[in-house]
Each structure stands twice: as structure tokens, then as C-alpha cells.
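Hi everyone, thanks for making time.

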Amino acid sequence: MSVTTPDSLPNERPVKLKLGRDDLMMRGFILVIALYLIITLAFPLYAMLSKAFSTFQFDLSQIEFQVSDESGKFDGTILSAAALNEQLNAIPEDEMATSSDGRLSLTPLFPDFSFRSPVLYKIRGTTEDVVYLIGSDRVSGTDWREVDSNTFRRIVLRPVQSFGLSNFTTYFSTPSLFRSIENSLFISIVSTIVTVSLAFAFAYALSRSCMRLKGVFRLIAMAPILVPSLLPGIALVYLFGIQGMLKEGMMGESIYGPYGIVLGSIFFTFPHAFIIITTALAISDARLYEAAVSLRASPWKTFWTVTIPGARYGLISAAFVVFNLVITDFGLPKVIGGQYNMLAVDIYKQVIGQQNFEMGAVVSVVLLMPAFIAFAVDRQVQKKQVALLSARSVVFEPNPDRKFDRICFTYCSLVAIFIVGILGVCQFAALIKFWPYDLSLSLKNYNFDVMDGGGWEAYGNSIKLGLLTAFFGTIVVFIGAYMVDKTRSFRAGRGLFQFLAMLPMAIPGMVLGLAYIFFFNDPNNPLNAIYGTMAILVIVTITHFYTVSHLTAVTALKQMDGEFESVASSLKQPFYKLFTRVTVPVCMPAILDIAIYLFVNAMTTVSAVVFLYSTDTALASIAVLNMDDAGDVAPAAAMGMMIFYTNAAARIIHLAVSKGILKRTQAWRLR
Amino acid sequence: MPTEATRELDADEAQPQGEAYLRIDSLWKAFGEFIALRDISLSISEGEFVCFLGPSGCGKTTLLRAIAGLDIQSRGSIEQAGKDISNLPPAERDFGIVFQSYALFPNLTIEKNISFGLENAGLSKAAISARVTELLELVGLPDQGKKYPAQLSGGQQQRIALARAIAMSPGLLLLDEPLSALDAKVRVHLRHEVKELQRKLGITTIMVTHDQEEALSMADRIVVMNHGVIEQIGTPTDIYREPATLFVADFIGEMNKLMAIAGGPGMVTIGQKDFNSGGGDFPPGSEVIAAVRPEDIIPHGPGARSDGAPDDITEPGNAFETTIKEMEFLGSFWRARLVSAALGDAELIADFSINAVRRMQLSVNMDIVIEIPSNRLKVFTRPAGE
């Protein structure tokens, strides 16, 4: 045995683990799923970013001409296209900027040009890599080409791509676009403050009072998750629009604009804030309240010194989640925003309305910023929240207090009426023949096949999308989470995977959808074939909702004993036997949660898929949008409610299946 | 750091008799900048029960996981049954393992848990079933096979984990703090059972523990570790009676540690008094620590005189007069706090048998003569900063 132990590792070759079959397979899985995320997330985002920073411009200095006389003789004078334009100013500067598909005819440089004239032209590029088109033939190089007048008119110049911030300069110097940033921030902040306050009071009433009907209130608070975000917009139009039932309530203000967006945002973000704050309140420690009582602190003081600090991480987290949802939402401001521009709608308008993809990409980058910041803050806060959880906490049990309980009940009833009211108005609108003139009931609004938007087929497509997303998404997400959690060493690969798995949460749906256009619609992309199919919709939906599913899976996996894999390998059993026999059955509740989460979101999502659906793959949520756009508001409401009922049914089935499976496979949970 | 002399003493003990079954050579493990194991070398012979003992963070679990291949070492080699297994993944090594958490598969019955490894080992259904029954009987739970783990008590679960680990008759059994999640009574009971089982099966076993009692009562040999190095390897009695380092002396059992100055060979000065000591060859005048266990201090009652050397004092040079400052009754013995002008500020803790206390009628504030046998007085280098 050595007498003195050296202080640092001996200078020999490090021992390298011989990779077993399991290690290789697990690493393979990680790489495959990481590759999936790279292709469906990183590459499209990169394509979008490069689009945002690239500009296309015609460069006349690339081209030189010789022009003959009427008899076809050239005198040898070489004319530069740039110099000609300077003289004539035939093509103004702002027409030089274009998109990747822009083409510039050269005839304006010759005021005397006539395609019948016998004049001949010679044309060449000034450098080898100059490309121009004669008809549809691609020509390049510095060799002179002689063409007659009729052919010359078919010569067009292609734009030159350059990288820089000029798109952003244009963006920020266009007040109408720039204004949207202000609008988006304003709406998001106001909605956040109101929603978080309302949701906090609601969660507080549910957890701290002894009022009746708590279960019903909880159920109602969750209902908005089951509908697309644009549905409250439709209801608000019926309530407060120009022919609204309660239009006097607006006192002359228009619902189209900030009022409508904020009200609708409160509706669709309420459940998200409610869940987070309820969790935060649930973990507060009853012993602190006992201490406060024994110190004779007033309820008011207890509220500010115990309740609020205990729930602060939940409140911050809820605020950022709501902010993120509102600022990235597209459906609601599209329906009820009127002339009030928001960032997410701008992307849509630039891309679908003006076919200006570069500017769409620029707005996307702008929209990424607040979303990214909100995401980063939320992640930090979530980590701290976990640290607050103490195993020794005592669960708070409220005591009956008639007055307080009655106040809570009244408040919760008001919120519940708001939520149920919005849904009720939609259902009512869907069943009325012709608001406000013919109030008789009819099912004609359900005759989707005669409307724009895709008809009943769109509804079928949505269910198909929901099922496919839930099926494949759950498999990909759960296997990915398992591998990243259980693979030994391989730190670089796992780190990359973790990053890729967290990224989708920071990417607004509109941005993702646009990025998919840039990446998958590129004819040079071998994956181009999936563009316009159901496959791309499934892929974009899985990717869009990857993070929350991944976190659900990781949380479930972390609750399992970390030594199962060690035991299995000591017993010489492959990891997949452990995975199928133990991991999957034990995690079945979480797996079902992921499936229903993906299904519901696939049914309601609008933002990511709005750029990607084709006539064969129209979706119910898109149909709501398009029917509303076309003025068929009642059918839009009808379709929106179909989504609601479908999701509600899915949840009930989920509940039944979960219970059934729990009973059958989780008998071991019972002592 | 241990001295050369004490280290050489153990060198022979570190090598077991006969052919080594498991041989660890110059093993290092680093986690980034942090070095968790430094130059660990160790041999374990077949059928031996070895405990890795040390405080948390000493590297004992890291060493166990390196042997299992669960966290591979950075440098060095491991050989099992004559085969180099240094870089093999766990599935290609030959061991069974039991964790503190039991790691029983919660959704499988006890039978299925035990047969998990047997299923694709080429055995018939009947053979598997027979083996499971045999194992359940071996761990004393013959009729629990149909239950789920959550329906068993902690101690029962631990026995099932053990049965599962030995189901495939591995050459090496690794136990990672297997008893520390259990109640004190169950723990003591299971100690005995695990040891019995190990003896019956003759399986080479390594157990990691931070509980010295567990290690002393179960192990054939103990490997005491601290800060990623092996402090001492030896039988339980060796480790207790002849601690090689101050750390071992301090970590295992109670120990009085007294500031001292080394005298000539076998001499040490504590306060103003010179003592004969067992071993410890330090240059005269160097700062050392003298250590003696409370139960090794012999009381001689008030009648005895340190200078007059009554008959029952065997080493008059190591006897001196003290005052009992405090006495505490601890059930099977009395613990006394002693002060003595001769020792300066130092206080001594001494454990006196109930018998001795009654016989000499010892009580607080009484002056008595005590004797520290020279072979029980250990001397160690004084660590910097003390």
C-alpha cells in the first residue's frame, strides 16, 4: 500500500466504459428522437431566422448590354444597366427591394424598346456567378448573348440575396407594424393582471373556504381549456357586438379591439392560471397559519404575511404563463381584434394577406423575444417552487365561517356564470336560425358542408389529428423522456436533448407554423413531400406541445426508484423488458395524461396549423376561424361547440379509462 | 495521514489468505474536479464478508458502484474471479445487488419480482417456480409470494430484495446500506439474518454502511474509508483495538483525544505527566495526539495512591490522581468526566462498570486514582490546525 497518496489522477489513459447492448440501444433512441426534434424544430427555426435576416434585391450593376442599330449592327459600345438606370431613373430604388421570387424585366431601361423592332441586344453578366433568365432558361456567366427584341423582353433578372438587419430597419420604420408591439404588450399586461387576480381569488376561495359546490366550480373553471381561444371572441360578438344582446353594456365603446381581446383572453387563460395558483396554495403549510393565530395576527395581516408569500412563486409563474399565452395567441385577436393590430395577427397578415414571408419572419423574431423571456423566467421560478415543498408540511384544512363562505360562494358563482355564459351564448348562437331577426331554433348552422371552411370533413380531420397526435406524440415523448432520464453517462447527448425538449414552450405556434413553411415547403428539402399532408399537421402539433408532455413524463419517471435500471442490469435483463413490464405500467396514469393533453390541444390549436393545412386537411378549429372570417359566425360558433363537446367527451373517456386501468394494473397501489 | 509504520503493519492483513476473488488495483474516481476515490487497492477472497465503513461522502458507495459497473472508475482496474472486468457494463458482470430503497418493482408480485432475472435464463416454468419457492423459504417468507411489495413491511421487503439479488446465484453480493431505512429493532434482527444467509450460501459479499455497529457485528473484515482513501483494513477487533489512524480511532467507538508531546520511544507527555504508550515512534518534542478509549481507563478507588504504587496498579507510571466532576448512568455502565491537575485543561471521559462503581463507592467530587494501560494508549500525528 502506498505511503503517500498523490493528489491528482495518475497520467494514464482513462478507463472507458465498454458500452453494453442496452447502452447502445438507449443512446440510439436518444439520438433518433433528438434528430426528430432537430428536424421538426431546430431546422425550421433556423430557416425562419435566416429568412428574417435575408433580403432580396435586384442588382443592376451585374448586367451589361450592347444594342445594335436597326440593321442589326453593333457599334461595340458597352452599356451598364446600373448606369442606364441612373440616367433614366426607369426603375425607382424602392422597386429594387423584392422577395426571393421577385423577377425584374430589363426593358424599362430602354425607353424606345418595342418587341417588334429589328434591334438586336447583347447581354452578359459582369461576373461568372450572375444569373438571369431568358424565358425560363437559366443563364449565367460573362459570355455575351445575342437576342432579338422579342426575346429580350422575356429576359428577367433574379434578385441577389444578402444578409443583414435591413428587414428589421424596415419593420421598425413602419409605424403600423411597430405599433403592434405596443398593443401586444399592453393587452398582455392588462390581461395578465386581471386574470391572475381573478384566478387567485377563485383558487383562494376554493382552498380556504368551506362553501358548497367546490367540485362544480373546479370543473367549470377548467372548461375553457377545451375550446379554441377564438371561441370567446365569437361569444363576445354575440353579446356586445353591433347587434349584441347586451350592446348597451359597452356604453358606446366597441367590443372589437382591446376590450374584446382582454375579455376573451381572461376566459381562455383562466384555467391555466387557476391550476398553477391552486397548486401553489395547496402546498402552503397549515402550521404557519396556526402560528399566525397563536400570535394573534389579524386575518388581513395573515393573508399578506403568510398566504401571499407562500404563493408568490405560483403567482409569478401564473403571470408569465398567462402573459405568454396572450401575447402569442392568434385566434382571439383575429376574431375580435378589429383594426387593433397584434403581433401574432401581423404574422398571419404578412404571410397570408401580403405573401411577404420575410416580413412575417421578422415579426416572428420580434414575437419570440417576450415569449422567450417569459419562458426563461417561468422556468427559474418553477425550480424555486419545487424547493418550497417540504415533506413535513401539514395540509391546511379550512374551518367553516358562514360570512366568508358566503362571499366566496358569491364570487365563484359570478366567475362561473361568466365562463358558462360565454359557452352558453355560443351554443345559443349555434342553434338560432338568424340572429337577431329569426330566433326560432334550427340545426341549419350545423350544415357545415355548405359553408366555407371544410365542412364536416374538417371536424373528422380534427379528430383524426387529435388521435394521431395523442398516439404518436405520447410514444415519442414518453420514450424520449425515459431515455434521457435513464441513459448512463452520455452527458452531451442528454444535454442537447433536454434543451431541445424545453425549446418548444418558448416558440409561439404562429412562429413554428411559419418556420415549417420555410423549411418543409423548400423544394430542395427531401421532406417536402409531407407538406400539405396530415403528417405535417401531426408533426407540428406534437412539436408545439412537446414541452409540457415531456415535463409530465419526466416528473412521473423521477418518482420511480432510480435503481430499477441497476437492478435489472444486475439481473442481466435488457432495459426494454424493464420498460415494458415495470416502467410503462407504473407510469400509466401519466401516459394517459399526456395523451389527453395532446388530444385536447390538437383539437383546439389554430396558430401552428393555420399555415400548414391544405384543402384536404382542413381542421375544425381552422374552420371556426374561416367561417367567422367569411361572416358565417353562427356556424363558426356551432363548430366551436362541437370541439367543446368532443373534448369534454374525450376527457370523460380518459377518466373512465384511467380508472379502469388503475383498477386493473395498479392493484399494487392498494395496501 | 497515516504514518509509514502503522501502514506497514496492515499491509499483511490487507492481503487475504489464498487466491483473491476480487482484486481492485489503484482505483481512482473523479467527478469533474472532485476526486471521490484516490488510489484504492484492495483484495477480497472468496466467501468473505467485507464492509466498507465511513462517514457519508467518504467514497464507499462510489467504490461499490464502480465494482458493480454502475459508475465506472476513472483510472485503475478491477478483477473478479481472475477476469478483468474493469470496463464491463453491469449486465456483463456477475453480481447481485440490494439497495437501501429495496428497489422492488411495485407493480409485480413478490414471486414475479424474484423471478424477474430467472425468466429468460433458459429455465422451465416449473424450475423457476421451484427456485422462487426455495428462495422465499430461504429468506423466511414462504407464503408471501402472491402479495405486492407495498403489502409487506420494510424488513420483509428488504428480505425479498435479498432473495431477488441471490436468485441467479451470483458470485458477488453487493449491499448498499441495506438496513439503514429500517427501524432500529428490525435492523438488529436483520443483521443477524443477513449474516446467517451469507454464511450458509458462502457468497462473497460487500456491504456499504455508515453504521459502525453494523460493520463490527457482521463483517469478516472492515475497510474504513475517509475522503476517498482507505484508512485501514482489518478484522473488527483489529479495527477497534488497534486503530491505524486518528480518523479510525475517532470514527469507531468512543475515544478520548488528548493534546500531547512525544517523548522518547514509547513515551508521551500529556499536560505535565509522562506516560508509557503503545507504539508510535515519533521524534521527541513533536506534537501528537494521545488517545484512549473510555472503557480502557481503570479506576483504582480513593484509597490508591499514584506514587505509593499499591499492588493492583500494574503500571504505576501510567497512574495518576483525578477528580470525578460528573457521573452519568447509561444503563449498563457509568460514564464519568474526570479532571486532573496533572493533565492541565484536558478532561477525560471514562466508562466504569456498575460493579466497580459500587465496589469503590465512586461519586461526584471524589478524588480517585486511575490508570491508563500503556498498550491501550495510542499515539497519532497531530493534524494541522489542532
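Strand β12 (residues 432-434) of chain A pairs with strand β13 (residues 438-441) of chain A, antiparallel, over two bridges. When I say strand, I mean a DSSP run of E with at least two residues, and a helix is a run of H or I with at least four residues, both numbered from the N terminus. Two strands pair if DSSP finds at least two bridges between them. Phe434(A) has Asp438(A) in β13(A) as its bridge partner. Together β12(A) and β13(A) make a hairpin, with three residues between them.

Before going further, a word on what you're looking at. This is a predicted model, where local features need pLDDT of at least 70, side-chain atom pairs count only at pLDDT 80 or more, and totals for chains, interfaces and linings use all residues. Residues are numbered from 1 along each chain as its sequence is written, while chains are lettered from A and ligands numbered from 1 in the order in which they are written.

Okay, other strands in chain A. Strand β1 (residues 54-57) of chain A runs antiparallel to strand β11 (residues 160-163) of chain A, and four bridges join them. β1(A) also pairs with strand β4 (residues 97-98) of chain A, again in the antiparallel sense, over two bridges.

Zooming out, how is chain A divided into domains? The assignment gives domain 1 (22-48 + 454-669), domain 2 (57-161) and domain 3 (178-442). Those bounds come from an automatic or database domain assignment. The C-alpha centres of domain 2 and domain 3 of chain A are 59 Å apart.

Now for a helix pair. Helix α5 (residues 175-208) of chain A packs against helix α10 (residues 299-328) of chain A at an angle of about 135 degrees, and the axes are 8 Å apart. Axes here are lines fitted to C-alpha atoms, for helices over the stretch in contact, and angles run from 0 to 180 degrees between N-to-C directions. That angle makes α5(A) oblique to α10(A). For the cut-offs, under 35 degrees counts as roughly parallel, over 145 as roughly antiparallel, 65 to 115 as roughly perpendicular, and the rest as oblique.

Residues on the α5(A) side of this contact include Ser184(A), Ile187(A) and Phe200(A), and those on the α10(A) side include Leu315(A), Val322(A) and Ile327(A). Being in contact means that the C-beta atoms, placed from the backbone, lie within 7 Å. By class, this helix contact has 11 nonpolar, five polar and no charged residues. Ala, Val, Leu, Ile, Met, Phe, Trp, Tyr, Cys and Pro count as nonpolar, Asp, Glu, Lys and Arg as charged, and the others, Gly among them, as polar.

Next, where the chains meet. 34 residues of chain A are in contact with 39 residues of chain B. On the chain A side, α1 (21-53), α20 (564-570) and α21 (575-586) each supply at least two residues. α20(A) gives the most, with five residues. This side of chain A has 16 nonpolar, nine polar and nine charged residues.

Over to chain B, which is assigned domain 1 (4-95 + 170-250) and domain 2 (254-381). Their C-alpha centres lie 34 Å apart. Six residues of domain 1 of chain B touch seven residues of domain 2 of chain B. On the domain 1 side, helix α9 (residues 246-251) of chain B provides the largest share, three residues.

Chain B also has some sheets to show you. One is an open sheet of six strands, in the order β6-β7-β8-β3-β9-β10 (chain B), with mixed pairing. Its edge strands are β6 (96-99) and β10 (229-234) of chain B, each pairing on one side only. Inside that order, strand β7 (residues 172-176) of chain B and strand β8 (residues 204-209) of chain B pair in parallel over five bridges, and Asp176(B) stands opposite Val208(B) in β8(B).

Another open sheet has four strands, ordered β2-β1-β4-β5 (chain B), with antiparallel pairing. β2 (34-45) and β5 (83-84) of chain B each have a single partner strand, so one side of each is left without a neighbour in the sheet. Helix α2 (residues 60-68) of chain B packs on this sheet, touching β1, β2 and β4 of chain B.

Methods:
Two residues are in contact if their C-beta atoms, placed from the backbone, lie within 7 Å.
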